[in-house]
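The structure is shown first.

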Protein chains: 2
Amino acid sequence: MVKIVLDAFGGDNAPHEIVKGGVLALQKFKDIKIIFAGDEDKIKEILAESEYPFDRVEIIDAKEVIENNEIPTVAFKAKPNSSLVRAFDELRTNDEAIGFVGAGSTGAVLTAGFLKIGRLTGISRPALCPILPTVNNKHVAIIDCGANMDAKPINLLHFAIMGSAYLSTVYGVKSPRVALLNVGVEEYKGNELSKETYELLSKQPRINFVGNMEARELLSGNYEVVVADGFNGNVLLKGTEGAVVNILKMIKGEIKKKNIRKVGAVFMKGAFKALKKKMNYEESGGAVLIGCKKIVLKSHGNSTAKNICASIEQVLDMHQSKLIEKISQEIEKG
Amino acid sequence: MVKIVLDAFGGDNAPHEIVKGGVLALQKFKDIKIIFAGDEDKIKEILAESEYPFDRVEIIDAKEVIENNEIPTVAFKAKPNSSLVRAFDELRTNDEAIGFVGAGSTGAVLTAGFLKIGRLTGISRPALCPILPTVNNKHVAIIDCGANMDAKPINLLHFAIMGSAYLSTVYGVKSPRVALLNVGVEEYKGNELSKETYELLSKQPRINFVGNMEARELLSGNYEVVVADGFNGNVLLKGTEGAVVNILKMIKGEIKKKNIRKVGAVFMKGAFKALKKKMNYEESGGAVLIGCKKIVLKSHGNSTAKNICASIEQVLDMHQSKLIEKISQEIEKG
């Protein structure tokens, strides 16, 4: 029996969808316990709406909530009894707790992961790593997507090692192809960081480094792990998200212009639905903060119960595939 | 009568499409001359395929070609008689020549712009600035998209001023909304560069700085000028391009799965066509290298004659709207 800690009050749809997501997971997985952190009365109210195994539920009463616009370190001090802080305190001190799931402020989740859970020995910087679907129905990871703003080449080397371990361990990809995000494929291209990182990655026998990748290749299916500093990775992830959302809006706009197109759109409804599901990568969980001593999972801010349940499943997958142990081994090999 | 210099041997479809593009422009605009740089015999051969005003054509015989994978500064020394080097030499020395259009190596065009044409007085760094269509049928400029790999806050301030001048002068946008590309909208977010730049832009009364922008907002229509260093801007531009291309591929894949969807797609053909045209921003020309003493325009590598003609029109627009003079005035105001 493992325990997973949930920040019940993080996210646009908190606490309702978060608590419901926990219940879904409890129903799906019989060998887990969920520890909800947040206002106990409200959590109990939501729990009472459904059947749930009360012997596998714990609640940490925490009345405060950290908002999206707060500076994490300041908020931690000002709100020691916030759902997020208390959840991370529990994760740190409870040996049975294997991981955290939360949909609140990304900055706060990352900062808590760094400060309260801490880095794995040998890892210079943990990194945020979401997974996206590619055109050939495979997956691609971007690491880092926002945890490290001013990164150094050694950090990016660790991102490459962790990303490889993630894809091979959890997704079963043999020898994941690792690429460095850059402005061109040529070795001499890029900024100081990318040039130095290229050299470092080229020398590393433990990863399958295939060279530089231009941003337009992200969804091509030619790479499994894309290494970037947190700023660029964030731009790539959000730029891709935004383009997808807006291109679908533009298609909608074009459809509305003519009746014949509207008819066509009805016939094609299934295609758009399938695509939306595919691109909604939150459906398959959240982005993991890799490199901490325990599993820290950041779900999308607008997570529904389904998303939270998927995130909990993701934590279980990572736990069962021994991702953290695998990363430690790789780093020890040097 | 103004003259525009064309690198007839730059681009995937050179020299044929480039020369044809020049002819198209000569037919469309009666008050311009085109100077083609490249292998004279081949250029004459292609010119002979159509009717063209031979009194408005000049040819600079240049037998060498700079390839995409060459390091620009090395290539300039090794190939002084390349079409690109000779084109820029002509632009520099010929007072009647107002601008350059080329679809060859981006790095070579940028480097030639820097070294052979030079910066406008007061501009710390020229920047590459493409224009994209937004969901509300307006335009957004990304500046810089690849000319400056390791930029400083003062460079980004100049990008903001130049981008504003471009949108107001050439596109007629009153008081363009300038945003700084960042990982979040909050003032305290980002890397060292973005934090310092935020402060600098906030203090600048001459631009309409509206704050930070997340990458997903690029096509939203809420901003006209997005300021970034060349690395980040490149990731944003190419990430957006790639997402659009791949999302259309994914839709195609979903359509193929069922016959009813195929029927729907036939009815919707017009919508996809309109969208493709809209997103193919090359149709409306290329990306301008702003901040040089003359107009330097980089057309997309796969430019057709139509694209080249559009790029030439873009050069004329910039010339007629006195973009360079306007930038100089803004910078002088300090």
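## Sheet of chain B

In chain B, β6 and strand β7 (residues 139-143) run antiparallel and are joined by 3 bridges. Within β7(B), B:Ala141 is the bridge partner of B:Ile131. Helices (H or I, at least four residues) and strands (E, at least two) are DSSP runs numbered from the N terminus; two strands pair if DSSP finds at least two bridges between them.

The model is predicted: local features need pLDDT of at least 70, side-chain atom pairs count only at pLDDT 80 or more, and totals for chains, interfaces and linings use all residues. Residues are numbered from 1 along each chain as its sequence is written, while chains are lettered from A and ligands numbered from 1 in the order in which they are written.

The open sheet of chain B has 5 strands in the order β6-β7-β10-β8-β9, with mixed pairing. β6 (131-133) and β9 (208-213) of chain B each have a single partner strand and stand at the edges, so one side of each lacks a neighbour in the sheet. On average, neighbouring strands of this sheet are turned by 30 degrees against each other, direction ignored.

## Helices on the sheet

Helix α6 (residues 153-169) of chain B packs on the sheet and touches β7, β8 (177-181), β9 and β10 (225-227) of chain B. The direction of α6(B) makes about 165 degrees with that of β10(B). Helix α8 (residues 230-256) of chain B also packs on the sheet, touching β7 and β8 of chain B, and its direction makes about 140 degrees with that of β7(B). Axes are lines fitted to C-alpha atoms, for helices over the stretch in contact, and angles run from 0 to 180 degrees between N-to-C directions.

## Helix α12 of chain B

In helix α12 (residues 323-333) of chain B, the buried residues are B:Leu323, B:Ile324 and B:Ile327 (20 or more other C-beta atoms within 10 Å of their own, with C-beta atoms placed from the backbone; exposed means 12 or fewer, partly exposed in between). These residues lie on the same side of α12(B), because they cover an arc of only 95 degrees around the axis, taken from the directions from the helix axis to the C-beta atoms. B:Glu325, B:Gln329, B:Glu332 and B:Lys333 are exposed on the other side of α12(B).

The buried residues of α12(B) pack against α6 and α11 (305-320) of chain B.

## Contact between chains

53 residues of chain A are in contact with 53 residues of chain B (C-beta atoms, placed from the backbone, within 7 Å). α8(A) gives the most to the side of chain A that touches chain B, with 19 residues.

Technical notes
Contact = placed C-beta atoms within 7 Å.
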